[in-house]
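Please look over the sequence and the model, then read the points below.

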Amino acid sequence: MAKSKFEYVRLYELDDKLLKNVWMVVRVDGKGFHKFTNDHNFEKPNDLAALNLMNDAAKGVMSELQDIFMAYGQSDEYSFIFKRSSTLYGRRSSKILSTVCSMFTSHYLFNWSKHFNDRLLYPPSFDARVVLYPTVRDVRNYFNWRQADCHINNLYNTCFWALVQDGNLSNSEAEKRLKGTFSADKNEILFAEFGVNYNELSEIYRKGSTIIWNENKSEDGRKRKVLKLLTCDIIGDSFWEDHASYLDTSITD
């Protein structure tokens, strides 16, 4: 940057570097997506095309920012976790947040026509936040929280829309019917009244989407990293034992 007498204004910029040697998690959330999904006629309670679009947007971000070693998405949100040792943009919060959020939005728009025939009525928007987690337990519990949230919300929505679409209840009547119910009650309503076994629904709805880097061998024998989409349980130990190397404990000077 060329020097000038006006350069002093840079002194007003805040130092927003994030702590070193902790995991950075950026979560991107759809802004006003309740209206957006209604206006664009997304299927209820789940729209597979919309979820696959979110997955493609997340893959686009990971392809460009390879310090992200894992991402987890459900509904209109996606969480990206960076290597503990990442020095991306000098760990400046504003740069990391704005880059991840803008990349995700760009890839969402770019891939829209791949999943939907109808044109966009207006552009979607997303917001983002970054949170630091110091221990492996904290990281795991963060993703436990998001997957548990996926299950709770999806069970409610599946039951709610069954009552509305197949049970001919109004939205307010369905809300009243479900008020104060527990998971077992919702499962019973689905099975007894609509013949739906919740546990047999697609895992992408019940467990969300997890994207990781996977090492594959090419035809010439060379190893190359590719992105792999999983729809599996990440609350139990099995996933983390199989991918223990992801939560590296290396530190930077």
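The lining of the largest pocket in this predicted model draws at least two residues from each of α1 (33-39), α2, α4 (136-165) and α7 (203-207). The volume of this pocket is about 720 Å³. The points that follow take up the pockets, the cavity, the nonpolar cores, the cysteines and the chain as a whole.

**Largest pocket**

- The lining of the largest pocket is made up of 27 residues, and those closest to the pocket centre are T37, K44, P45, S75 and N157.
- Helix α4 gives the largest share of this lining, with 7 residues.
- Sorted by class, the lining of the largest pocket holds 13 nonpolar, 10 polar and 4 charged residues.

**Second largest pocket**

- The second largest pocket has a volume of about 170 Å³.
- Its lining consists of P45, N46, T158, W161, A162, Q165, D166, L190, F194, V196, L201 and Y205.
- The lining of the second largest pocket has 8 nonpolar residues, 3 polar residues and 1 charged residue.
- P45 takes part in both pockets: P45 is among the residues closest to the centre of the largest pocket, and P45 also lines the second largest pocket.

**Enclosed cavity**

- How many cavities of 30 Å³ or more does a search of the whole structure find? The search finds 1.
- The space in the largest cavity comes to about 50 Å³.
- The residues that line the largest cavity are L51, M54, N55, G73, Q74, S75, E77, Y78, I204 and S209.
- Three elements, α2 (48-64), β2 (68-74) and β3 (77-82), each give two or more residues to the lining of the largest cavity.
- Helix α2 provides the largest share of the cavity lining, 3 residues.
- By class, 4 of the residues that line the largest cavity are nonpolar, 5 are polar and 1 is charged.
- S75 is one of the residues that line the largest cavity, and S75 is also among those closest to the centre of the largest pocket.

**Nonpolar cores**

- The largest nonpolar core has 52 residues, of which M70, F80, V100, F104, Y108 and F143 touch the most other members.
- Helix α3 (residues 93-115) supplies the largest share of this core, 8 residues.
- Which residues does Y108 contact, leaving aside its neighbours within four places in sequence? Y108 is in contact with F33, F36, F42, L53, M54, A57, P124 and F126.
- M54, a contact of Y108, is also one of the residues that line the largest cavity.
- Another core lies apart from the largest one; this other core has 11 residues, including C159, A162, V164 and I189.
- A162 belongs to this other core and lines the second largest pocket as well.

**Cysteines**

- The model has 0 disulfides.
- C150 is not part of a disulfide, and the nearest cysteine sulfur to that of C150 belongs to C232, 12 Å away.
- C150 counts as buried because its relative accessibility is 4%, where the cut-off for buried is under 20%.
- C232 is likewise in no disulfide, with the sulfur of C150 as the nearest cysteine sulfur, 12 Å away.
- Is C232 buried or partly exposed? C232 is partly exposed, because its relative accessible area is 21%.
- C232 sits in the loop between β6 (223-230) and α8 (237-242).
- Beyond its neighbours within four places in sequence, C232 is in contact with Q147, E203, K207 and F239.
- C232 and T87 are separated by 145 residues in sequence and by 30 Å in space, C-alpha to C-alpha.

**The chain as a whole**

- The protein chain contains 8 helices and 6 strands.
- Along the sequence, these elements follow the pattern β-α-α-β-β-α-β-α-α-α-α-β-β-α.
- The C-alpha trace of the protein chain spans about 70 × 45 × 40 Å along its principal axes.
- The protein chain has 253 residues, and 42% of them count as buried.
- Among contacts in the protein chain with a separation of 6 or more, 70% are between residues 24 or more positions apart.

Definitions and conventions. Residues numbered from 1 in each chain as written. Predicted model: local features only at pLDDT ≥ 70, side-chain atom pairs only at ≥ 80, totals over all residues. Heavy atoms only, no water. Disulfide = S-S within 2.5 Å. Buried < 20%, exposed > 50% of the residue type's maximum accessible area, 1.4 Å probe, protein only. 1 Å grid on protein atoms, 1.4 Å probe; cavity = no way out; pocket = protein on both sides within 12 Å on 5 of 7 lines; lining within 4 Å. Points joined across faces, edges and corners; volume = space filled by probe spheres on them. Helix = DSSP H or I, 4+ residues; strand = E, 2+ residues; numbered from the N terminus. Nonpolar A, V, L, I, M, F, W, Y, C, P; charged D, E, K, R; others polar. Contact = heavy atoms within 4.5 Å. Core = buried A, V, L, I, M, F, W, Y, C linked by side-chain atoms within 4.5 Å.
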